[in-house]
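Thanks for coming. Let me put the model up, and then we will walk through it piece by piece.

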Amino acid sequence: MSGVVEARIAELGLTLPEVVPPLATYQPAVLSGAYVYTAGQLPMVQGKLPVTGKVGAEVSAEQAKELAATCALNALAAVKSVIGDLDRIARVVKVVGFVASAPDFTAQPGVLNGASELLGEVLGDKGVHARSAVGVAVLPLDAPVEIEIQVELLPS
């Protein structure tokens with residue numbers, strides 16, 4: 001049955017966005033064998049960052065957690081752009097998240113829970129994944145959060 005994942009996204013009151021055009025020379029997602037690897041996805045909403053700055057300074061941890069969920073939704077859009085149907089996802093294998101952090105901010109895992117929770121809500125057990133949470137000094141466009149995901153596809 002096609003469209004189960006997108007129906008779940010709609011049930012959650014969310015909309016799968018258009019793929020964010022690359023900011024440089026890269027592809028938003030690449031299919032390699034049974035895996036899709038996304039480029040880092042910023043929390044773009046209709047082509048713009050809703051908030052900029054460092055988490056723990058200009059951006060609260062709770063705001064950043066919501067932005068991480070937006071990044072994950074953008075990552076799913078990037079995956080769809082190369083596979084056509086999100087129901088082809090067997091599982092999310094890995095999530096890597098970067099948090100532009102104030103020098104004393106150490107709650108990067110809590111921020112990235114926004115992405116992990118969204119993937120779980122949308123994909124159920126298929127959304128359970130390994131993860132890295134990395135604090136960095138700055139991200140492109142002064143984004144507070146950036147997420148990349150790797151997914152395994154069902155056999156065709």
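**Thr38 and its surroundings**

Start with Thr38. Leaving out residues up to four places away in sequence, Thr38 touches Pro28, Ala29, Ala75, Ala78, Val79, Glu148 and Ile149. Contact here means heavy atoms within 4.5 Å.

A word on ground rules. This is a predicted model, so local features need pLDDT of at least 70 and side-chain atom pairs count only at pLDDT 80 or more, while totals for chains, interfaces and linings use all residues. Residues are numbered from 1 along each chain as its sequence is written, and side-chain values use heavy atoms, with hydrogens and water left out.

Back to Thr38. Thr38 sits in strand S2. Helices (H or I, at least four residues) and strands (E, at least two) are DSSP runs, numbered from the N terminus. Is Thr38 buried or exposed? Thr38 is buried, at 8% relative accessible area. The cut-offs: buried is under 20% relative accessible area, exposed is over 50%, and partly exposed is in between, with a 1.4 Å probe and protein chains only. The Thr38 side chain also reaches the backbone nitrogen of Ile149, at 2.9 Å.

**Helix H2**

Next, H2. This helix covers residues 61–83, 23 residues in total. From first C-alpha to last, H2 reaches 33 Å, close to the 33 Å expected at 1.5 Å a residue. That expected span is 1.5 Å times one less than the number of residues. Just after H2, Gly84 takes a positive phi of about 80°.

**Salt bridges**

How many salt bridges are there? The count is four. The rule: a side-chain nitrogen of Lys or Arg within 4 Å of a carboxyl oxygen of Asp or Glu. Let me show you some.

Glu11 pairs with Arg8, with the closest N and O atoms 3.1 Å apart. Both lie in helix H1, residues 4–11, three residues apart, about one turn. An α-helix has 3.6 residues a turn, so residues three or four places apart point the same way. Glu11 counts as exposed, at 58% relative accessibility. Arg8 is partly exposed, at 30%.

Now Lys54 and Asp142. Their side chains meet in a salt bridge at 3.2 Å, N to O. Lys54 lies in the loop between strand S2 (35–38) and H2, and Asp142 in the loop between strand S4 (130–136) and strand S5 (145–153), so the pair ties together parts that are 88 residues apart in sequence. Asp142 is partly exposed, at 29% relative accessibility.

Then Lys65 and Glu117, again N to O, at 3.3 Å. This pair links distant parts of the chain: Lys65 is in helix H2 and Glu117 in helix H3 (residues 108–123), 52 residues apart. Lys65 is partly exposed at 23%. Glu117 is partly exposed too, at 38%.

**Val134**

Over to strand S4, where we find Val134. Val134 is partly exposed, with a relative accessible area of 31%. Val134 and Val96 are 38 residues apart in sequence, and 7.8 Å apart in space, C-alpha to C-alpha. Not counting residues up to four places away in sequence, Val134 touches Gly97, Phe98, Val99 and Gln108.

That is the tour. Questions, please.

Conventions
A polar contact is a pair of N or O atoms within 3.5 Å; within protein, one must be able to donate a hydrogen and the other to accept it, and residues adjacent in sequence count only if both atoms are side-chain atoms.
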